[in-house]
2 protein chains.
Amino acid sequence: MLDPRRLRLLDDLSRLGTIAAVAQLRGYTASAVSQQLATLEREAGIPLLERTGRRVRLTDAGAALAAATDDVLLALEQAEASVLAARGTAVGTVRIGAFPTAVRTLLPTALARLAERHPGLRLHVVELDPADVPAALRDDRVDIGLVQDYDVVPRAAARGIQSAPLLEEAVHLATRGRAARTVADVRDEPWILAGPGTLCRAAAVHLCRAAGYEPVTRHVVDDFATVLALVAAGQGVAIVPQLAAVDVPPPVRLDPVGTTRRTRVAHRAGAGRRPEIRAFVDVLRAVAEELPHA
Amino acid sequence: MLDPRRLRLLDDLSRLGTIAAVAQLRGYTASAVSQQLATLEREAGIPLLERTGRRVRLTDAGAALAAATDDVLLALEQAEASVLAARGTAVGTVRIGAFPTAVRTLLPTALARLAERHPGLRLHVVELDPADVPAALRDDRVDIGLVQDYDVVPRAAARGIQSAPLLEEAVHLATRGRAARTVADVRDEPWILAGPGTLCRAAAVHLCRAAGYEPVTRHVVDDFATVLALVAAGQGVAIVPQLAAVDVPPPVRLDPVGTTRRTRVAHRAGAGRRPEIRAFVDVLRAVAEELPHA
DNA sequence: GATCGAGCATCAGCACACCTTACGGCTACC
DNA sequence: GGTAGCCGTAAGGTGTGCTGATGCTCGATC
């Protein structure tokens with residue numbers, strides 16, 4: 001029988017690319033990982049790794065085995081969830097990965113309510129961009145994550161990840177001035193965009209392209225409060241979701257762009273039956289329901 | 001992460017009932033199994049086993065975990081199959097569980113053809129009643145098994161087992177004499193039945209009951225050649241499938257009873273991609289296709 | 001083009017996990 | 001009430017898996 005711990009190392013390697021990174025992720029030395037993978041390779045009877053330069057690459061067989069590993073880890077986590085479900089009460093630590101806006105708006109209420117209902121539960125919040133959530137869930141760095149998709153940017157279905165809808169907000173164009181403006185109207189204005197690789201940036205760029213132009217980037221800022229301050233200072237235009245539209249500085253004007261942003265709460269498929277995961281998801285959905293959202 | 005080896009012991013226990021039996025199956029001492037299960041229980045954090053008298057019984061949590069284990073073992077075997085598939089050639093040992101009739105008719109040709117096509121393959125045949133095949137597959141005592149169902153006796157779908165149709169034969173009533181007879185006609189004759197728990201016996205009993213009577217058992221014999229000899233000796237009547245109807249002694253008359261027996265080749269779902277399993281199944285189906293069957 | 005650093009493999013050593021043997025307690029059955 | 005079957009615990013030996021040190025190769029840098 002193949003050892004799932006070794007399989008997991010191979011699976012990690014298929015995503016991270018280097019043995020050193022796998023070692024760091026799992027808290028081992030590179031030596032240990034190297035030895036374990038060598039053992040796995042000997043058991044398999046065929047080369048799984050290919051030494052290429054000073055790095056290492058998976059062979060076809062290695063990639064196939066890494067792919068098959070996902071099912072093993074899923075089944076194992078489901079088995080663990082079944083004992084936790086049998087144990088009943090929601091105890092232990094749950095690690096949540098969420099984006100800043102949610103941390104300020106949704107989470108405070110949710111955390112308070114959870115602490116009240118489940119005193120034994122310890123909650124650990126990690127600020128995490130939605131784009132990094134699937135990888136963080138897979139690597140077991142968080143148990144729950146908030147993901148997003150704009151209806152203009154389709155979300156890739158992540159294998160082994162389950163999610164439930166949380167809320168749906170309108171997206172606004174933030175400008176300075178009195179007149180209502182559309183994305184097409186501000187083609188000559190500089191833009192304030194989020195960092196590369198983020199969904200917010202992708203959505204903004206997509207909207208501009210749909211309006212027939214490429215946005216000129218002046219500032220790169222992730223935090224929406226800062227974004228609004230910059231817009232107020234006349235530094236450019238930006239798009240912001242409804243949730244971020246609190247304490248809008250007076251000179252800033254918000255006009256809906258006809259796009260919605262959906263937020264979902266995600267977890268590893270195998271963890272779905274864990275009581276603490278269920279409790280957290282339930283509370284989060286209840287809190288989102290109560291929120292005033294357009 | 002839960003250790004799949006420990007999980008497998010729990011899964012075995014859920015079917016075998018005693019720790020001693022699990023130990024014997026896996027080649028351990030009972031002490032080792034007891035210790036491993038105790039460790040699993042400590043990791044789970046809830047009682048999995050309940051000491052009842054001098055035996056042991058699974059708690060609800062234990063049964064749930066044992067059920068979840070099936071998916072783990074399936075995924076693990078699939079992972080192993082993926083490396084064997086990557087290695088390509090059909091080598092190693094394949095253990096086949098088959099009923100005597102098939103061993104005499106189907107297997108000789110199939111084994112010869114396999115030896116010719118895959119010289120590296122070692123084949124191990126175990127005589128096994130179809131009723132025991134699912135358990136033997138699950139316990140990893142065989143890799144391939146021949147199962148049967150009569151259309152009057154529905155086959156229970158076994159979880160984690162895959163099967164493919166092999167052949168379909170007519171079933172005959174064996175009597176001594178010249179006149180064609182039906183099952184209803186021989187209600188006053190003594191019957192020669194197969195051993196308790198076998199499908200053949202169940203099918204015969206079912207046919208009699210459908211004809212409105214309970215068969216009177218005179219002899220209990222599994223081997224069809226012996227059965228036919230006894231019928232020839234005027235010791236009673238019996239039903240035999242087409243495959244067994246070779247070298248029928250002269251005084252014996254065979255009349256179809258309108259029932260068919262289906263034979264299928266089965267293997268663990270996770271082993272489906274193993275090249276040696278595929279090769280064996282393919283050859284077996286080809287041989288069955290060539291066979292003259294009504 | 002020489003130097004340095006990153007990444008991986010190998011080796012020795014140590015701690016721990018796992019299995020066996022031996023033993024005792026308990027229960028069901030004769 | 002004796003006995004055999006079944007399970008759990010204790011002690012001990014063996015192997016596995018980790019760390020730390022060392023050496024190697026390749027790629028980037030000045």
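Tutor: Domain bounds here come from an automatic or database domain assignment. This is a predicted model: local features need pLDDT of at least 70, side-chain atom pairs count only at pLDDT 80 or more, and totals for chains, interfaces and linings use all residues. Residues are numbered from 1 along each chain as its sequence is written, chains are lettered from A and ligands numbered from 1 in the order in which they are written, and side-chain values use heavy atoms, with hydrogens and water left out.

Chain A has domain 1 (4–85), domain 2 (90–163 + 263–290) and domain 3 (169–260). Take domains 1 and 2 of chain A. Their C-alpha centres lie 26 Å apart. Contact (heavy atoms within 4.5 Å) joins 13 residues of domain 1 of chain A to 13 residues of domain 2 of chain A. The two bury about 1100 Å², 50% of it on carbon and sulfur atoms. Buried area is the accessible area (1.4 Å probe) that two parts lose on being put together, summed over both. In domain 1 of chain A, A:Arg15, A:Glu77 and A:Leu84 lose the most area to domain 2 of chain A, together 39% of what that side buries.

Now the charges. The count between these domains of chain A is 3 salt bridges. The rule is a side-chain nitrogen of Lys or Arg within 4 Å of a carboxyl oxygen of Asp or Glu. A:Glu77 forms a salt bridge with A:Arg268, with the closest N and O atoms 2.9 Å apart.
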